[in-house]
Amino acid sequence: MPFQDLKQKVKAIVSETDLDRDVKLHNICKLLSDSISYYNWVGFYFKNGDKQELKLGPYVGAPTDHTIIPFGKGICGQVAVSNQNFVVPDVSAQDNYIACSINVKAEIVVPIFVNSENIGQIDIDSNTPDPFTEKDERFLEYICKKVATLFD
């Protein structure tokens with residue numbers, strides 16, 4: 001399904017009035033995982049209160065032990081500090097990578113901002129080497145902007 005069609009579906013999920021935030025986030029994860037063949041694990045991490053750590057939110061994919069990630073640790077923890085997108089074409093080449101599954105070959109993490117504050121991120125693992133393009137980045141930035149409206 002083209003990104004443009006997925007954007008409309010995400011917009012519809014976000015504007016559902018009878019679903020709570022976590023259900024909407026899970027539905028977004030499921031939509032992305034089901035619609036994009038190389039999005040093999042899709043999830044959200046959010047800042048855990050005043051702690052310098054991320055807490056796992058809704059996700060779709062293999063279970064993970066990484067429910068809490070300290071800032072600076074792994075790709076997600078680095079994004080929490082840098083406030084920048086992080087595209088990893090080959091996770092085996094990253095020194096600060098937290099392995100979730102031996103099948104994961106690549107990862108992309110895009111931060112979510114509310115009032116200029118990084119409140120969390122979308123994290124996508126792929127079992128395909130180097131699948132993410134600039135189009136994925138722009139698409140996920142759009143997703144993060146829509147998700148941010150759930151926290152206003």
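1. A quick term first: a residue is buried when its relative accessible area is under 20%, exposed when it is over 50%, and partly exposed in between (1.4 Å probe, protein chains only). By that rule Asn83 is partly exposed, because its relative accessibility is 34%.

2. Some ground rules. This is a predicted model, so local features need pLDDT of at least 70 and side-chain atom pairs count only at pLDDT 80 or more, while totals for chains, interfaces and linings use all residues. Residues are numbered from 1 along each chain as its sequence is written, and side-chain values use heavy atoms, with hydrogens and water left out.

3. Let's stay with Asn83. You'll find Asn83 in the loop between α3 and β4; helices (H or I, at least four residues) and strands (E, at least two) are DSSP runs, numbered from the N terminus. Asn83 isn't a glycine, yet its phi is positive, about 60 degrees. Most residues other than glycine have a negative phi.

4. Which other residue has a positive phi without being a glycine? Look at Ser116, with phi near 65 degrees. Ser116 sits in the loop between β5 and β6, and Ser116 counts as exposed because its relative accessible area is 73%.

5. Now hop to Asn118, in strand β6. Asn118 is buried, because its relative accessible area is 13%. Its side chain makes a polar contact with the side chain of Asn83, at 2.9 Å. (A polar contact is a pair of N or O atoms within 3.5 Å; within protein, one must be able to donate a hydrogen and the other to accept it, and residues adjacent in sequence count only if both atoms are side-chain atoms.) A polar atom of the Asn118 side chain also lies 3.3 Å from the backbone oxygen of Val79.

6. Val79 belongs to helix α3 (residues 74-82), where the buried residues are Gly74, Ile75, Cys76, Gly77, Val79 and Ala80. What covers them includes β1, β2 (53-60), β3 (68-70), β4, β5 and β6.

7. Next, Ile112 in strand β5. Is Ile112 buried or exposed? Buried, because its relative accessibility is 0%. Contact here means heavy atoms within 4.5 Å. Leaving aside neighbours within four places in sequence, the contacts of Ile112 include Phe44, Phe46, Asn118, Cys144, Val147 and Ala148.

8. Cys144, Val147 and Ala148 are among the buried residues of helix α4, along with Asp136, Glu137, Phe139, Leu140 and Ile143. The helix, residues 134-148, has 15 residues and reaches 21 Å from its first C-alpha to its last, close to the 21 Å expected; the expected span is 1.5 Å times one less than the number of residues. The buried residues of α4 pack against α1 (3-15), α2 (21-35), β1 (41-47), β4 (86-88), β5 (106-114) and β6 (117-126).
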